[in-house]
Amino acid sequence: MDNITLKNTTYNLLPKVSVIIPTYNRNKLVLDAIDSVLEQAFQNFEIIIVDDGSTDNTKTHIDSYQKKDTRIKYIFQENQGVSIARNTGLEAAQGEYIAFLDSDDRFLIDKLERQVFILENHHDIGLIYSKILVENTITKELGSWGHAFSGALEKTEMHQKIYKRHLFFYIGTTLIRKEVIGNIKFDPRMKTGEDFLFYLLLSKKAKFYGIDEPLSLVRREHESIIQKQKSKKFDEAIAYSILKKEYNLLTNIEFLKGLSYHYLYFAKDYYEDGMYLKYSPCLIKCFLFNPFNPYLYKHILGDLILKK
C-alpha cells in the first residue's frame, strides 16, 4: 500500500481514526472544531464534515481548509437531522476507529492519542468514553461534567448501568471500534437522545472503558449541559420501546423497569434544581411503572427524609 507523510510521520493511506463532524449553519464554529482535531497529538486520522443542509457559507470555509489538508472530507446533504448526518459519516468512514465531534465543540489535544493507545493495547474494549469540560460561552467559566467509571466494564454490567440511567457520557468523548458499530445506526426517529439508544445497542456487543477526566470540551450558553439533557427525556423514553419491539432486547417487565429508572433519573434532577412542578409527575410515573424500584425508595429515604 502507498504511504503518505504528514508532519514528519509516515502513514498508510487508510486512516486509523475517522472523526465525524455533523454541522448545520455553524460556518465559524465548525472551523474551531476542525482545528481541535488538526492540533491533536495523534495525527493518523481523516475528518468527515457532514453538512446537513447549511444555508450559510460553511462550504466556502471548508473548501479553504481542504486545500491545506487532504485529510478533510466534505459531504453535503439535504437537512435531515443529526442522526442521519452521523449515519452518512459512518458510511463514508474508512478508519478503524470512529470518533464523533459536534461542530460547536472541541477535542482536547491528547484525546485521540490516549484513546487510540488503549484500543491498540486492549482488543476486548469496543468503546472508550470520558468526562467533558463544559465552557459557559457567556462567562467563559469551565466545569467538569459526566459519569465515568475508571477502567473497563463488562458488557452486561455496562448495559445495566446505561439501562438503569446510572451512567451517562457525551458522544463527543467516545472512540469506538468500527467493527463493533457494524450495522448499528443512529435512529432518526429520536430527535433528541439518539446517543442513548446507540449506547444501549453497543453495550450489548462490547466492553466499554471509562477515563475519569475530561478529554473534550462542550460549549453551552446560559444553561448547563445537564439542563440541556433534560429536554431529551421523552425521546429517550422511546428508546426502551424500540429495544423491546424492534430488537427484542427487553421483556415486558424490563421495559416497565426501564421506564421507571428513566423517570426517576429526571425526577432527581428536577428535585435538585428545585423544579418541583416537574419533579412530582416524574416521581409518580417512576412509581407507576415499577412500584418495587429500589432506587425510588433509596431516593425517598436519602434525599427526602434523611437530608431534612
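Me: Why is Arg165 called buried?
Reply: Arg165 has a relative accessible area of 5%, and buried means under 20%, exposed over 50% and partly exposed in between (1.4 Å probe, protein chains only); Arg165 is therefore buried. The model is predicted, so local features need pLDDT of at least 70 and side-chain atom pairs pLDDT 80 or more, whereas totals for chains, interfaces and linings use all residues. Residues are numbered from 1 along each chain as its sequence is written, and side-chain values use heavy atoms, without hydrogens and water.

Me: Where is Arg165 found, and what is its phi?
Reply: Arg165 is in the loop between helix H5 (155–163) and strand E11 (175–177); helices (H or I, at least four residues) and strands (E, at least two) are DSSP runs, numbered from the N terminus. The phi of Arg165 is positive, about 65 degrees, although the residue is not a glycine.

Me: Is Asn248 buried or exposed?
Reply: The relative accessible area of Asn248 is 64%, so the residue is exposed. Asn248 lies in the loop between helix H9 (233–245) and H10, and its phi, near 55 degrees, is also positive in a residue other than glycine.

Me: What makes Arg106 and Asp32 a salt bridge?
Reply: The closest N and O atoms of this pair are 2.6 Å apart, and a salt bridge is a side-chain nitrogen of Lys or Arg within 4 Å of a carboxyl oxygen of Asp or Glu. Arg106 belongs to strand E7 (residues 106–107) and Asp32 to helix H1 (residues 29–38), so the pair ties together parts 74 residues apart in sequence. Arg106 is buried, because its relative accessibility is 19%, whereas Asp32, at 24%, is partly exposed.

Me: How many salt bridges does the structure hold?
Reply: There are 19. One of them joins Arg114 to Glu213, with the closest N and O atoms 3.1 Å apart. This pair links distant parts of the chain, 99 residues apart: Arg114 in helix H4 (residues 111–121) and Glu213 in strand E12 (residues 207–220).

Me: Why is H10 called roughly antiparallel to H11?
Reply: The axes of helix H10 (residues 252–272) and helix H11 (residues 276–289) come within 8 Å and cross at roughly 160 degrees. This makes the two helices roughly antiparallel, since angles under 35 degrees count as roughly parallel, over 145 as roughly antiparallel, 65 to 115 as roughly perpendicular and the rest as oblique. Axes are lines fitted to C-alpha atoms, for helices over the stretch in contact (heavy atoms within 4.5 Å), and angles run from 0 to 180 degrees between N-to-C directions.
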